[in-house]
Amino acid sequence: MAKNKKSNDPMSKLVALCKRRGIVFQSSEIYGGVGSTYDYGPYGVTIKNNIERLWWDEMTLKHENIVGLDSAVILHPKVWDASGHLKNFSDPMVDCKECKGRFRADQINGTGYGGGSDSGAGYSDGTGYGGGSGSGAGYGDGTGYGGGSEDVNVCPKCGSKNSFTEVREFNLMFDTTMGPVADDTVKTFLRPETCQGIFLDWKIVQESARLKIPFGIAQTGKAFRNEITTGNFIFRTREFTQMEMQYFVKPGETSELINYWKEQRWNFYLSLGINEEDLRWHEHPKDKLAHYAKEAWDIEYKFPFGWGELEGVHDRGDFDLKAHQESSGKDMTYFDDQTRERFHPQIVETSAGLNRAMLAVLADAYREDEQAGEQRIYLALAPHIAPVKAAIFPLVKKGGLPDIAHAIYTDLRKHFPVFYDFQGSIGKRYRRMDEIGTPYGITVDFQTLEDGTVTVRWRDTLQQERIHKDKVGEFLRDRLG
Ligand code: ATP
């Protein structure tokens, strides 16, 4: 089906739709919002859970050698020293002396950090998408900043030339204190990535689940980063959910498995219904790899504000296991009882952001068309992602139609998330459901009284067909699985 997206500021329209339908909206709004944090309403949390469940099943059901874990958010403070995060998990930051705007130096030309990323990854003025008090400067066009020559920098907020302070490294970890007395001895951190818990626990998991190499450990959960610049709605926030899987492999087998996981992860985004043309691979240049990585690939999506990372597939080598062995004094090797060899497993990591996946799904599904002279907005969500699978309507509130419709609803809701609505004109009721991506509308009308049939309307094509009311469950089951 041809896409029907309007080009004028599609992000603002998507954000407005998300707010209007209670999908995603600014957190703490009655207090004016707080730096790029968002809440997910009833439909939003269902869409998010659907994606998370698909990821979980993809990992743990599809692969017999991958098991799940739920490790703590607050780990021993030494973890972050050993992992290199205390020293290296920072972004270069500059301040504009004129307007006091604060930016990531690596996204601005002329600061000596290359700059001008095309990822569109993150400037918000806090007054645009969702309101509130996000930091940064109100840009996000995915075009990079500054342009021009490498020795002239231009503030993207106020346009001043060469107004930046020296570049400083800013550590992105949120620190916190544990226990009732806030002193240095109990200072710790909120995890900036979920995978460290997997590295700490891998031996107990491997032994208790009796796993043989290669095997994987999957985990989803919140991660926290005190990003210098947040923005582009839920693309870059300070609190987000990661879906990470660490695959433990024999030395020498990494490159084959990187290729395997790259293919698997690409296909996952297709399974969410995302248009393949809006996806691409980006390989990290070897001289710009994160401190733990030997090789790194990102899957990027073409967001309305530019290309942005959805997920990384990384070769972490044995960096993490060796670092924790050295720091904790505990053995982090694997014994292969077939070959009688002992070694540090190599790690292939797939590290995805749930909120970004959801933003890509929503952006990809956003459509506008015209029906009977009126603009219609709808989300062409894949049925397995849609928060409501079918809406059941009586055409009018009389003639016994509501009773029949409600009985169909009561029966269906034992099996599917469905919605019953009798308020307002039938057109308005369809529109409300179109906007949250409900694939099927089922209407009970006067013909139902005569022959027991109802109309089923498909959201995208608006095609209608009549089926018997007793067959609606079967109809949905065939289409939704
Ligand atoms: P970026 O380059 O965009 O800062 P990253 O390379 O630091 O991302 P990773 O450390 O590889 O990201 O984290 C894995 C995934 O977690 C990312 O691909 C992304 O989907 C998600 N993620 C990372 N930071 C954020 C954030 N601030 N807000 C939302 N999701 C995030």
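The following questions and answers explain how terms are applied to this predicted model.

User: What is this model, and how are its residues and side chains treated?
Analyst: This is a predicted model, in which local features need pLDDT of at least 70, side-chain atom pairs count only at pLDDT 80 or more, and totals for chains, interfaces and linings use all residues. Residues are numbered from 1 along each chain as its sequence is written, and side-chain values use heavy atoms, with hydrogens and water left out.

User: How many helices and strands are in the chain?
Analyst: The chain has 12 helices and 23 strands. These are DSSP runs numbered from the N terminus (helices: H or I, at least four residues; strands: E, at least two).

User: Why is α2 called roughly antiparallel to α6?
Analyst: The axes of α2 (residues 42-60) and α6 (residues 254-271) cross at roughly 150° and come within 11 Å. That angle makes α2 roughly antiparallel to α6, because angles over 145 degrees count as roughly antiparallel, under 35 as roughly parallel, 65 to 115 as roughly perpendicular and the rest as oblique. The axes are lines fitted to C-alpha atoms, for helices over the stretch in contact, and angles run from 0 to 180 degrees between N-to-C directions.

User: Which residues of α2 and α6 meet, and what kinds are they?
Analyst: I51, L54, W55, E58 and M59 in α2 meet W261, Q264, R265 and F268 in α6. Contact here means heavy atoms within 4.5 Å. The residues of this contact are six nonpolar, one polar and two charged. Ala, Val, Leu, Ile, Met, Phe, Trp, Tyr, Cys and Pro count as nonpolar; Asp, Glu, Lys and Arg count as charged; the others, Gly among them, count as polar.

User: What makes D337 and K212 a salt bridge?
Analyst: A salt bridge is a side-chain nitrogen of Lys or Arg within 4 Å of a carboxyl oxygen of Asp or Glu. The closest N and O atoms of D337 and K212 are 3.4 Å apart, so the pair meets that limit. D337 lies in the loop between β14 (334-336) and β15 (341-343), and K212 in the loop between α5 (195-208) and β9 (215-224), so the pair ties together parts 125 residues apart in sequence.

User: How many salt bridges does a search of the whole structure find?
Analyst: The search finds 31 salt bridges. Among the residues involved, E193, R316, D320 and E349 are linked in a network.

User: Are D434 and R457 buried or exposed?
Analyst: Buried means under 20% relative accessible area, exposed over 50%, and partly exposed in between (1.4 Å probe, protein chains only). D434 has a relative accessible area of 0% and is therefore buried, and R457, at 6%, also counts as buried. These two residues form a salt bridge, with their closest N and O atoms 3.0 Å apart. The pair links helix α10 (residues 426-435), which holds D434, to strand β22 (residues 453-458), which holds R457, 23 residues apart.

User: Why is K414 called exposed, and D411 partly exposed?
Analyst: K414 has a relative accessible area of 61%, so K414 is exposed. D411 has 44%, so D411 is partly exposed. Their side chains meet in a salt bridge, at 3.5 Å from N to O.

User: What makes the peptide bond from I213 to P214 cis?
Analyst: Its omega is near 0°. P214 lies in the loop between α5 and β9.
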